[in-house]
Amino acid sequence: MELKIENLSKTYSNGVKALNGVTLKISSGMFGLLGPNGAGKSSLMRTIATLQDADTGTVFLGDLDVLKNKKEVRKILGYLPQEFGVYPKVTAQEMLEHLAMLKGITNSKERKESVKNLLQQTNLFDARKRKLGTFSGGMKQRFGIAQALLGNPKLVIVDEPTAGLDPAERNRFLNLLSEIGENVVVILSTHIVEDVSDLCSNMAIIYKGNLLLTGDPVKSIDSVKGLIWQKTIDKHELANYQTKYNVIYSRLFAGRTIIHVSAAGNPGDGFEQVPPDLKDVYFHSIMAHLNNTAA
Ligand code: ADP
């Protein structure tokens with residue numbers, strides 16, 4: 001199964017262009033859609049999930065025209081939205097059974113069986129009789145993935161699922177995602193680079209509605225090999241370095257500021273070359289885009 005997105009554009013009534021001619025092919029397996037807040041990830045996810053219309057463009061899942069056959073798509077779609085509200089007074093099991101019914105699993109034995117399996121898979125079986133309002137953030141997200149997996153979807157969309165989870169909960173959640181069958185298209189949208197590097201065999205970077213890069217994370221890291229230079233500086237020197245060098249990002253470590261610069265040759269000045277990671281790819285591609293559009 002392949003999801004084919006072609007030339008998708010969306011401008012909201014306030015004039016914000018959230019998607020700018022996005023063209024993208026997504027095969028089965030775990031796909032990471034990476035971009036900062038406001039990049040257009042949710043707009044893209046909601047469009048694929050048939051919840052909003054695009055101005056132009058097409059989306060096909062195999063032969064199925066996603067934008068024209070919303071009902072069909074919803075039967076094979078599992079979606080965990082960014083804002084996932086739960087009914088606080090209903091138990092996990094009751095809610096899943098209700099949602100299973102809505103999903104069209106009308107046979108009661110089959111429904112009970114699949115709810116039980118999903119509760120076990122998401123490690124919520126022991127909490128099945130607890131009200132959803134008493135769940136922790138991590139449990140809510142695991143419940144969210146349980147409801148998204150009802151009815152064996154062929155396309156699973158999870159929008160920023162790890163934001164707000166503590167490291168242990170995040171780990172548990174990502175492990176759960178990694179267990180989804182290999183013939184399913186799973187799109188994980190996130191602004192957390194590590195979510196993609198930990199989990200995804202394919203990815204795209206999106207920024208202000210533009211697709212900057214798509215492909216295999218490992219290969220994309222290779223593409224910036226030899227270009228990334230690092231230096232530890234004082235915080236107040238940052239602005240000065242930003243005018244002199246192509247600083248792609250800065251981070252704090254033990255109270256000191258570490259900057260990463262992209263340059264074809266040794267910038268001198270005490271910089272040392274470092275092996276790149278996906279964060280370098282991410283910030284490098286955003287910086288290259290900004291430099292191009294400013295030119
Ligand atoms: P992301 O999910 O990457 O944070 P979004 O798709 O939510 O990005 O938003 C992309 C841009 O579109 C942002 O500038 C956001 O403010 C704007 N936007 C999103 N939804 C709406 C809407 N319903 N009306 C107007 N602007 C919107």
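I began with helix 2 (residues 70-75), where Lys 75 and Glu 72 sit 3 residues apart, which means that about one helical turn separates them. An α-helix has 3.6 residues a turn, so residues three or four places apart point the same way. The side chains of Lys 75 and Glu 72 meet in a salt bridge at 3.4 Å, N to O. I count a salt bridge when a side-chain nitrogen of Lys or Arg is within 4 Å of a carboxyl oxygen of Asp or Glu. Lys 75 is exposed at 54% relative accessibility, and Glu 72 is partly exposed at 41%. Helices (H or I, at least four residues) and strands (E, at least two) are DSSP runs, numbered from the N terminus.

A note on the source: this is a predicted model, in which local features need pLDDT of at least 70 and side-chain atom pairs count only at pLDDT 80 or more, while totals for chains, interfaces and linings use all residues. Residues are numbered from 1 along each chain as its sequence is written, and side-chain values use heavy atoms, with hydrogens and water left out.

How many salt bridges does the structure hold? I found 11. In one of them, Arg 170 pairs with Asp 198, the closest N and O atoms being 3.2 Å apart. Arg 170 is in helix 6 and Asp 198 in helix 7 (residues 193-199), so this pair ties together parts 28 residues apart in sequence. Arg 170 is buried, at 16% relative accessible area.

I also looked up Arg 256 and Asp 234, whose side chains meet at 2.8 Å, N to O. Arg 256 belongs to strand 13 (residues 256-262), while Asp 234 is in the loop between strand 11 (228-233) and helix 9 (238-244), 22 residues apart. Both are partly exposed: Arg 256 at 38% and Asp 234 at 34%. Salt bridges with shared partners join Arg 170, Asp 195 and Asp 198 into one network.

Next I traced a sheet of 4 strands, open, antiparallel and ordered 2-1-4-5. Two strands pair if DSSP finds at least two bridges between them. The edges are strand 2 (17-27) and strand 5 (64-65), each pairing on one side only. Strand 1 (residues 2-11) has 7 bridges to strand 2 and 5 to strand 4. I checked Lys 4 both ways: Lys 25 stands opposite in strand 2, and Phe 60 in strand 4. Strands 1 and 2 form a hairpin with 5 residues between them, and Gly 15 in the turn has a positive phi of about 95°. Strand 4 (residues 56-61) joins strand 5 over 2 bridges, with Leu 61 partnered by Leu 64.

Is helix 5 largely enclosed or open? Of its 12 residues, 10 are buried, so the rest of the structure largely encloses helix 5. Helix 5 (residues 137-148) reaches 16 Å from first to last C-alpha, close to the 16 Å expected; the expected span is 1.5 Å times one less than the number of residues.

Last, I looked at the largest nonpolar core, with 51 residues, where Phe 135, Phe 143, Ile 145 and Leu 177 touch the most other members. A nonpolar core is a set of buried Ala, Val, Leu, Ile, Met, Phe, Trp, Tyr and Cys residues joined through side-chain atoms within 4.5 Å.

Definitions and conventions. Buried means under 20% relative accessible area, exposed over 50%, partly exposed in between (1.4 Å probe, protein chains only).
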